[in-house]
Amino acid sequence: MNNQGRPTAVAGMAETAPATISGDRGLDHEEGLIFELGRDGMTGVDLPQTQVSESRLGGQRRKGAIGLPGLSEPEVVRHYVRLSRMNYAIDSGLYPLGSCTMKHNPRLNEKMARLPGFADIHPLQPQKTVQGALALISELMRWLTTLTGMHSVAMSPKAGAHGELCGLLAIRAAMEARGEDRKRILVPESAHGTNPATAALAGFTVEEVPATSGGHVDADALEAKLGPDVAAIMLTNPNTCGLFEPRVLEMANAVRKAGAYFYCDGANFNAIAGRVRPGDLGVDAMHINLHKTFSTPHGGGGPGAGPVVFSKALAPFAPLPLLIHDDAGFRYIENREDLETGSPFGRMCAFHGQMGMFVRALAYMLSHGADGVRQASEDAVLSANYILASLKDVMSAPFPGPCMHEALFDDSFLDGTGVTTLDFAKAMIDEGYHPMTMYFPLVVHGAMLIEPTESESKESLDRFIHVLRVLAGEAKAGNRARFDGAPRFAPRRRLDETRAARKPILRWTQKTPVADAAE
Ligand SMILES: *Cc1c(COP(=O)(O)O)cnc(C)c1O
């Protein structure tokens, strides 16, 4: 095997371990880039000699080598398997990333999504040939509107943030239809970063609403900011501190009275699905992250799905296409001219949404049933409260709880230790855990947001709690060695994240020594 270009000194090796001859450590292999591994003339396929014919490319003919790496099939397979082993996944361990809802992806969902009738269809196929797929989407829509108590749902948005944009564009269209030009959107300071970003992208100005010392949105401050130029509020409920907003109804009423709309960030719906219907809280539009609440896989930028549910007031402005069911079966209305009523703001994407995610989400719903969906929410809340109760004597919880689906800690328990939230999180990697969400929400100093989800067993939670308790104890006992420069056992040590963000090296060139790459 070609060893060229592999880092030989193993930049990430723990100081305590001696360097190995191969550069690998135990069964963990060091792995170069595929371009470093490949060599000219190697290929995984054996093609017959082509008959040399006159080139018809003229001046367009390639002069240099194409520059693709040459490897055999086993080399390619090993390369990607080795890379995958450097990764952390929900399938390899507890993934406590708060707000991200890293729950188990049931294998049944995968099996359903791979059925050829769902996996092999094409969005341009005649609709009469995909009636089953359309029936599935329709059934999923029924579950989503029923669970949320909302009037209708747009299925095409492809992520939570995309759903936010869809909701705000519908709000903008509704304002235009009323002949009003409202420009302000109120966003709590604890909001996910996508909220203000979406509002700005949709052409609104963003105004922050402060949080109370209890971690809730300051409803009085919100009401004081309402006025004739406010188009909407964007509220997350349960909020990003993991708390249910107790004054949500009051805020919804005030917003309605001011002629504005209530956009709810529904990314945390997994805490209340089956228990609370956002429609009953006065919500006008809300995205649902199927890839969080309904267990479809996510991470690494992979496909998500962010359907948006609408109130009766906003439904006419929902985007195309519109799925309808009549005597002739299911069909999509793709053009405004074919509509009898309503004035959709446009469309969110070329086709109809993420079919594979729809199948997985409905498989999750049908296999759980309505009672199972409710129990999943309750268990998610139970797991988070177990973590909060088990750790709050050694780590500091800014809000005493009980919490909803995630437990929030701040860094005050680390005061005077010299250990930071970042050090603490990196030390968790050495213990085999993906860190929790760090430094979010911003309303808490040095935040650590833990979302265990319902799919962890009590034994798994107990192991996790034990590790965090010992780490917290060691930080307080001044055992800095465990934290300084952690992780010690990961393939790479502490990376210079600032440099990687500021000076990313995005293009591989033969001469870049590996040690100099932004890492
Ligand atoms: C995940 C999340 C989003 C964004 O969802 P994406 O699918 O990642 O675009 C928005 N708000 C909150 C609170 C979230 O947790």
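In what follows, Ala, Val, Leu, Ile, Met, Phe, Trp, Tyr, Cys and Pro count as nonpolar, Asp, Glu, Lys and Arg count as charged, and the others, Gly among them, count as polar. The model is predicted, so local features need pLDDT of at least 70 and side-chain atom pairs need pLDDT 80 or more, while totals for chains, interfaces and linings use all residues. Residues are numbered from 1 along each chain as its sequence is written, and side-chain values use heavy atoms, without hydrogens and water.

Consider the ligand. Its surrounding residues (those with a heavy atom within 4 Å of it) are Ser 99, Ala 159, Gly 160, Ala 161, Glu 164, His 192, Thr 194, Asp 265, Ala 267, Asn 289, His 291 and Lys 292. Of this shell, three residues are nonpolar, six polar and three charged.

Polar contacts are pairs of N or O atoms within 3.5 Å; within protein, one must be able to donate a hydrogen and the other to accept it, and residues adjacent in sequence count only if both atoms are side-chain atoms. A ligand oxygen lies 2.7 Å from a polar backbone atom of Gly 160, and a ligand oxygen lies 2.8 Å from a polar backbone atom of Ala 161. A ligand nitrogen is 2.5 Å from an N or O atom in the side chain of Asp 265.

Two elements each give two or more residues to this shell: helix H6 (160-177) and helix H10 (290-293). Helices are DSSP runs of H or I, at least four residues, numbered from the N terminus. H6 supplies the largest share, three residues.
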